[in-house]
Amino acid sequence: MDNNHPKATSPQFADVAVQFHYLADKIRNVLSSMDQEEIDVLRNLKLLSKVCTDTEKLVSAYHLNRLLTPYTSQCNEIFKAIKLLSDQRKGALIVVEREDNVNDRITTGTPLYAKISSTLLDSIFHVGSPLHDGAVLIQKDTIVSAANVLPLTRKSFKTKLGTRHRAGIGLSESTDALTFIVSEETGKKSFAFNGSLYGFEIPN
């Protein structure tokens, strides 16, 4: 992405619109150069792939901020924690409560009632921590509890999903909560919403 291009952890609609126009311009450039022998088409396609990746990151962050911002002012701390956990390949499951109260849908773990911080979330999911196995529950700007047990989805999937992913999907099937999952095996970041699982990236 060039210096004239938006890059933010909390992108606005205008940023996303500019990014899509930028992507459209790059696609038109590749199409117009297809029949020109002196143009390295494969190189252009590689650059286009990079722009597509940047677009995915920006749109993911924009969409997640829209889902989260009305319910917590600590979006950036949550995203920072998820990126940190992903980079270290620490398995994690984080629930952000929205309109629906989730207390009657989960088995409550250890009460914390702590201010949200990326360092605290990272320490909770450290393998040596007694709280790492289970879900963190966030309500507004507070980490309410850790080591919570969520209901597992009964859906079948084409690819095998671990317990964290099935738990994240399971809670999202019966509430409007947003659940974030970090894979311990791959570090891949996902979120579950309305019973579906989505991969996402966080802009640098």
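I looked up helix 3 and found Cys75, Ile78, Phe79, Ala81, Ile82, Leu85 and Ser86 buried. Buried means under 20% relative accessible area, exposed over 50%, and partly exposed in between, with a 1.4 Å probe and protein chains only. Down the axis of helix 3, the buried residues fall within an arc of 160 degrees, so they line one face of the helix. The arc is taken from the directions from the helix axis to the C-beta atoms.

I noted the source. This is a predicted model, where local features need pLDDT of at least 70, side-chain atom pairs count only at pLDDT 80 or more, and totals for chains, interfaces and linings use all residues. Residues are numbered from 1 along each chain as its sequence is written, and side-chain values use heavy atoms, without hydrogens and water.

I checked the other face of helix 3. Turned away from the buried side, it carries the exposed residues Lys80 and Asp87. Helix 3 covers residues 75-87. Helices (H or I, at least four residues) and strands (E, at least two) are DSSP runs, numbered from the N terminus. Its 13 residues reach 18 Å from first C-alpha to last, close to the 18 Å expected at 1.5 Å a residue. That expected span is 1.5 Å times one less than the number of residues. Just after helix 3, arginine 89 has a positive phi of about 55 degrees.

I asked what the buried residues of helix 3 pack against. Their partners include helix 2 (41-68), strand 1 and helix 4 (118-124). Contact means heavy atoms within 4.5 Å.

Next I took strand 1. Five of the five residues of strand 1 (92-96) are buried, so it is largely enclosed by the rest of the structure. Ala92, Ile94 and Val96 point one way, and Leu93 and Val95 the other. In a regular strand the side chains alternate between the two faces of the sheet.

Which strands pair with strand 1? Strand 5 (178-182) pairs with it in the antiparallel sense over five bridges. There, valine 95 has threonine 179 as its bridge partner. Strand 3 (135-139) runs parallel to strand 1, joined by three bridges. Valine 96 stands opposite isoleucine 138 in strand 3. Two strands pair if DSSP finds at least two bridges between them.

Last, I looked at threonine 55 in helix 2. At 5% relative accessibility, threonine 55 counts as buried. Threonine 55 touches Gln19, Phe20 and Leu23, not counting residues up to four places away in sequence.
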